[in-house]
Amino acid sequence: VAGTAWIPGAPILDGIAIGVPWLAAALLTVSHRHARIVGLMASLVSVAAGALLLLASPPDESLYQALMLLFCCLTAGATLVLPKRDCESRAIGGILFLLGATLLAYSSGDLIVFLAGWILSTVPFLVESWFRARSWRPAMSLWLSNLALAGAIGLIYETGHAFSIDALRGRSPGGTVAFGLLVLAVIFRKGISPAHAWVADAAETGPSIPTALLLNGHLGALLVAKLILPLFPRTAGNLFPLLSWLAMATAIYVAVRALTENSPRRLLAFLTLSQSACILAGLESRTSEGITGALVHWFVVTVSTTGLFGILRLLEVRFGETLTASGYLGLAGHAPRLAVFFAVFGLALVGLPGTLSFCSQDLLIHGTLLSHPVTGVMLPIATAMNAVTIFRLFARLFLGRRRTGFTHMADALPRERWTLAAGVLFVVLGGLFPNLIVAQRSAEADRVEAAANPAAPAP
Amino acid sequence: MTPGVIFCLLALTWLMGLTPSERVVSRITGLTFTACLLALLPLLSALAADGGPPVVVTFGNWFSVHDYRFPLVLMADRLSLPFLTMTLVLSGLIGQFSATYLHRESGFFRFFALLHLFSFGSLLAFAAGSFDLLIGGWELVGITSVLLIAFFDQRPAPVENGLRVFAVYRSCDIGLLVAVFAMHNWTGHASFAGAMPKLAGAQATAVCLFLLLAAAGKAAQIPFSGWLPRAMEGPTPSSAIFYGAISIHAGAYLLLRIQPLLAESWMASICVIAIGAATAVYGTIAGRASADAKTSLAFASLTQVGVVFVEIGFGLRWVAVAHILGHALVRTLQFLRAPSMLHDYHRMHSAIGGEISPTGRHLEDLIPERMRLWLYRWALDRGHLDTILDRWFIYPLLQLSRLFSRLDNIGRFARAERQAEPPVSMRRPAGQGVE
């Protein structure tokens, strides 16, 4: 890219973006002081490295760089929003470890490195002293996804004799069995039905903000875009609609399931799951509109759901861990700004005009209806139900008679307010000027589409 | 754009911790709508004088992916201009009325911010030159409508009713989304700034029926009429502008916009007439058993909008437009006078020296007494529409959700019972406030 000769090479920047968070995580195991500052600084270094990587990459090859930058920003935001109660060195260390591992998976061009990133990103959620949930299902699903991916990559190497993704492109190494194992890895990691229950369990019985980061790495969708579509274009053409169908069924299933759920954390997990499944359906649509919509929606879901989980956690530390949506809590009277942030993030998730998700949903619906008219109709239905659910959750948490019996409760503190405002600005400005994001994702979508349809002429 | 910009400025001001005084907010509102109305005058005079061609302003594509484009096209023609003018006039009037009516109300600022957002949404929907853009305005009208129904959020009823209305809106909007997709797929565009997408036969019928679903939801036509009385929980000025004037007629506007397509499909036209006629009959019967002023007015609105649908179905385009304008203005006045309705009646009774005889009594007398009693019960339960919707749609959906919940919970707590120590973020007792 012209004018970017001064930027160091990609391996150096990748190394900085991945290595610095891990170094900081190691530092926090030794020294427990100033955990938030250490976490913020490490993630800001990653943000800078990610930004330089994005700047130096050509427009149609910048998907993973953009995702890296997004995840770095998300982590920086998370370390700022994390309530003091949760801001222990172990928690920050775990978040930084997750950041490094996720970036490793994003930046990899090699199967072994990708596998390492995939497995390492699950480690904090498998270890008792970090973020392991009290329910058994999250750990089990993550283990199964790790095993499935490891098995698939073993099989691919056995038949393809290479670990480089470029060298294996279009060769369908390992055949249907490897393809099936990769799909299984996606199903377990993304929580596609029938393996969806772990996501709600993790959100409810684990720490909410780190769990949101784990879910919003979207490594399952990354596996589809990075490995399945390029490596198995023909097999994907024949069998992949099954995954699309499962994704849409998941979107509908969890949207219906959420209608009677009263645990706010589980509700948010269901919403995340439903909208994430739409990303998968868009990727599978193998149309430019659908893939572009999926990539843009990836950004929207990531920012919005992390914001929602963050706000919920802030409410929990203020008003009690046992918040429930079974009655009206009237928290808007105490925390009006948190209420507005929650409403904007929530509505941004379900396609409010003027937010980025309006564009992503428009493209997703168009793309999925174009490729699969029957399953495509499920997408607006799922989104409509999700909209009702998010409004119900907002109403139950924030509206109703103002609760009494508290001493003064602070609304969003400055560090929380400005971090959440940055997220809101992203989804709103992105919605007002979507072409800045859509055009770039469209160029990347062409590459994904070309990888998925090698016989099709270039658009 | 101006109301949208004002909404953004008000929201930003509030986020920065500043809340403008009531006087400032009402002055800004008055100025905004006056300026917008003045800006509309040249267009009005140009189009009204010689009935010239529509004025189309293109801002390029909002976003595009290869052949799929989301055009930013605004259009003023002889159909949209009356609606634009009505929106600006009534929004300005409601703003002035509310400055007094909501004086010292805790939600004063919120009401005005939402009024601006609603006006922006309505103007966008009526000035849109494509169905894509119309969806944007349409959705904004819906969400502001719901937020204003839940305006008095200290009571559960307005919030519950807002949620119900939101569910109906979003369900019916699926029709709009699918119709727009079908237009793109079959004709390559969904713009009507040049000419309507050319469709005929089954395709025209399918698109019209999907759009009718959206229009019926927004206009509270049968079988979605149950939400309208619930929407009366909002403050009177918002009821006036939404359900007496603008939002309730948005569905009719959509049908007027697709009139050329409706003309291609006799089946869709018959559906429009049937739904409109059924709603008109339902509205007049249910309205007669309503005990409160706003609900009676809501049913009266419903009746008139039903008649408008019938007119549209018969292709009487300009009759429908005139009907909408007249109805919107009169109904807004009635809604705004609703809080002092008893006082008005007492004055009228004093003036005429007795009570006004209720209208339609001679028609009631034609019906056998048993039938009248049955109709009375039917009207009291508002045509059982909500009951049917609850029993045949919502209740089974919730049952299904509970079934899914039971399935999900199988084995859920197996490990939780064995483990005593909570994870990192949950190791302090609850409810001790911010640290």
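Me: What does B:Trp227 touch, apart from residues up to four places away in sequence?
Reply: B:Trp227 touches B:Val165, B:Val168, B:Tyr169, B:Gly217, B:Lys218, B:Ala220 and B:Tyr243, where contact means heavy atoms within 4.5 Å. This is a predicted model, in which local features need pLDDT of at least 70, side-chain atom pairs count only at pLDDT 80 or more, and totals for chains, interfaces and linings use all residues. Residues are numbered from 1 along each chain as its sequence is written, chains are lettered from A and ligands numbered from 1 in the order in which they are written, and side-chain values use heavy atoms, with hydrogens and water left out.

Me: Why is B:Thr295 called buried?
Reply: Buried means under 20% relative accessible area, exposed over 50%, and partly exposed in between, with a 1.4 Å probe and protein chains only. B:Thr295 has a relative accessible area of 4%, so B:Thr295 is buried. B:Thr295 lies in helix H13 (residues 293-313) of chain B; helices are DSSP runs of H or I with at least four residues, numbered from the N terminus.

Me: What makes A:Asp201 and A:Arg137 a salt bridge?
Reply: The term requires a side-chain nitrogen of Lys or Arg within 4 Å of a carboxyl oxygen of Asp or Glu. In this pair the closest N and O atoms are 2.7 Å apart, so the pair qualifies. A:Asp201 is in helix H9 (residues 197-205) and A:Arg137 in helix H6 (residues 136-160) of chain A, 64 residues apart.

Me: Why are A:Asp201 and A:Arg137 called buried?
Reply: A:Asp201 has a relative accessible area of 1%, so A:Asp201 counts as buried. A:Arg137, with 9%, is buried too.

Me: Is B:Glu160 buried, partly exposed or exposed, and why?
Reply: B:Glu160 has a relative accessible area of 30%, so B:Glu160 is partly exposed. A:Arg396, at 13%, counts as buried.

Me: Which parts does the salt bridge of B:Arg164 and B:Asp390 tie together?
Reply: The closest N and O atoms of B:Arg164 and B:Asp390 are 2.8 Å apart. B:Arg164 lies in helix H6 of chain B and B:Asp390 in helix H18 (residues 385-408) of chain B, so the pair ties together parts 226 residues apart in sequence.

Definitions and conventions
Helices (H or I, at least four residues) and strands (E, at least two) are DSSP runs, numbered from the N terminus.
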